Amino acid sequence: MIKCQAAVIDWTAVRRVLVIRLRSIGDTVLATPSLIALRRFLPHAKIDILLENWVAPVLDGFDAVDNVITVGKGSSERIKTAFDLRRLGYDIVFNLHGGTTSTFFTAATRAKHRVGYANYQYSVLYNRLLSSSSDFWQQEKTHSAEQQLALLGFVGVPVDDRPKTRLEVTSQASESLEHKRNATTHRPQSFVDAPYALFHPTSAFFTKQWATENFAQTAEFLAGRGIHTIAIASKNENEVLYDLQRESRVPISTFDDLTLPEVTALASKAEIFVGNDSGIAHISAAVETPSVVIFGSSSRQHWRPWTDAPNEIVFREFSCQPCAGYACKAFVEPRCILSVQTSDVFAAIDRVLGEKKAGS
């Protein structure tokens with residue numbers, strides 16, 4: 001049963017809306033369907049989103065929000081942000097996260113309508129509580145995007161079409177990316193204008209990170225189809241990029257210094273994305289790049305690409321999946337990700353590229 005605490009919302013009186021979605025890149029991308037649904041339902045309202053400052057650039061140029069409000073990790077900054085939110089006078093707040101910090105910001109707004117899930121900690125601070133996304137959608141398992149959309153639908157926002165993720169490519173990001181592509185010593189000049197695949201061979205957890213040598217073999221496979229490989233990672237993960245280049249028998253271009261908007265621009269022009277379940281996979285899906293995503297410990301139902309673009313997930317099923325991923329408690333090493341074969345990924349790539357070609 002869907003649980004509700006309070007009366008129906010008078011949407012004609014709603015002038016300002018806040019969406020709170022703290023945490024990661026993927027979480028932010030998967031909030032875009034909710035922002036899209038809100039914008040089309042409330043075309044004249046002010047719609048803001050509160051994000052952590054390091055991830056906020058993901059939404060550069062995104063037209064479904066009026067303001068991206070950012071917050072850091074310091075206590076004084078968070079207190080100041082709370083006061084700022086209170087002064088803005090929100091009519092309704094959707095907390096798409098549910099953690100203690102996001103609940104603090106929700107309560108700080110003193111909005112008339114505060115929407116969350118019944119299992120949130122300190123749920124007494126909300127006055128619109130949905131029991132679960134499964135109750136709303138009438139299905140046992142739900143995707144992260146569906147979980148967020150359910151909170152909107154629960155209070156009357158039309159969400160039955162379940163919008164897909166979307167990001168914008170800004171001209172500034174495209175220009176700065178091209179400058180880096182032309183200037184880098186890691187990218188052979190002959191490949192600057194060649195068709196390319198985007199690889200993301202790293203992950204936050206070792207239980208989600210496919211072996212580097214497998215990615216190297218995948219680059220060789222794609223080279224045989226006339227597609228060059230560009231691999232990206234952060235500065236503190238660049239050893240994986242070096243290993244990837246050493247393992248591969250074909251040239252691989254690498255970048256460890258791209259901004260999030262530049263990653264979005266790079267993903268938008270790729271023939272295909274191949275990588276681990278990660279925020280970069282969701283960025284690629286949100287710009288409708290065909291994708292093959294390799295899954296290990298995480299929930300495939302919850303984190304698969306949320307897109308209409310051709311995509312496949314590749315995995316080997318184990319009874320212990322999904323798990324938190326911090327450690328492998330079932331085996332000495334994470335068999336879930338280690339058991340994924342290159343042949344499975346190659347076959348998925350061929351199917352996705354074939355579907356892309358058929359649809360073009």
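This is a predicted model: local features need pLDDT of at least 70, side-chain atom pairs count only at pLDDT 80 or more; totals for chains, interfaces and linings use all residues.

Trainee: Which residues line the second largest pocket?

Mentor: K141, T142, S298, S299, R300, Q301, H302, I313, E317, F318, Q321 and P322. Lys, Arg and Glu count as charged, so K141, R300 and E317 fall in that class. Ile, Phe and Pro count as nonpolar, so I313, F318 and P322 go there.

Trainee: What supplies the largest share of this lining?

Mentor: Helix α12, with three residues. The volume of this second largest pocket is about 220 Å³.

Trainee: What is the volume of the largest pocket?

Mentor: About 1500 Å³. Its lining has 50 residues, and R23, S24, D27, K208 and W303 lie nearest the centre. Split by class, the lining of the largest pocket holds 19 nonpolar, 22 polar and nine charged residues. Helices that each supply at least two of its lining residues include α1, α6 and α12.

Trainee: Now α9. Which of its residues are called buried?

Mentor: N238, V240, L241 and L244, in a helix that runs over residues 238-247. The label means that each has under 20% relative accessible area.

Trainee: Why do you put them on the same side of α9?

Mentor: They cover an arc of only 150 degrees around the axis, so they share one side of α9. In general, an α-helix has 3.6 residues a turn, so residues three or four places apart point the same way.

Trainee: What do the buried residues of α9 pack against?

Mentor: Helix α8 and strands β8 and β9.

Technical notes. Residues are numbered from 1 along each chain as its sequence is written. Side-chain values use heavy atoms; hydrogens and water are left out. Buried means under 20% relative accessible area, exposed over 50%, partly exposed in between (1.4 Å probe, protein chains only). Helices (H or I, at least four residues) and strands (E, at least two) are DSSP runs, numbered from the N terminus. The arc is that of the directions from the helix axis to the C-beta atoms. Contact means heavy atoms within 4.5 Å. On a 1 Å grid over the protein atoms alone, a cavity is a set of points where a 1.4 Å probe fits but cannot get out, and a pocket is an open set with protein on both sides within 12 Å along at least five of seven lines; lining residues have an atom within 4 Å of a point. Grid points are joined across faces, edges and corners, and a volume is the space filled by probe spheres set on the points.
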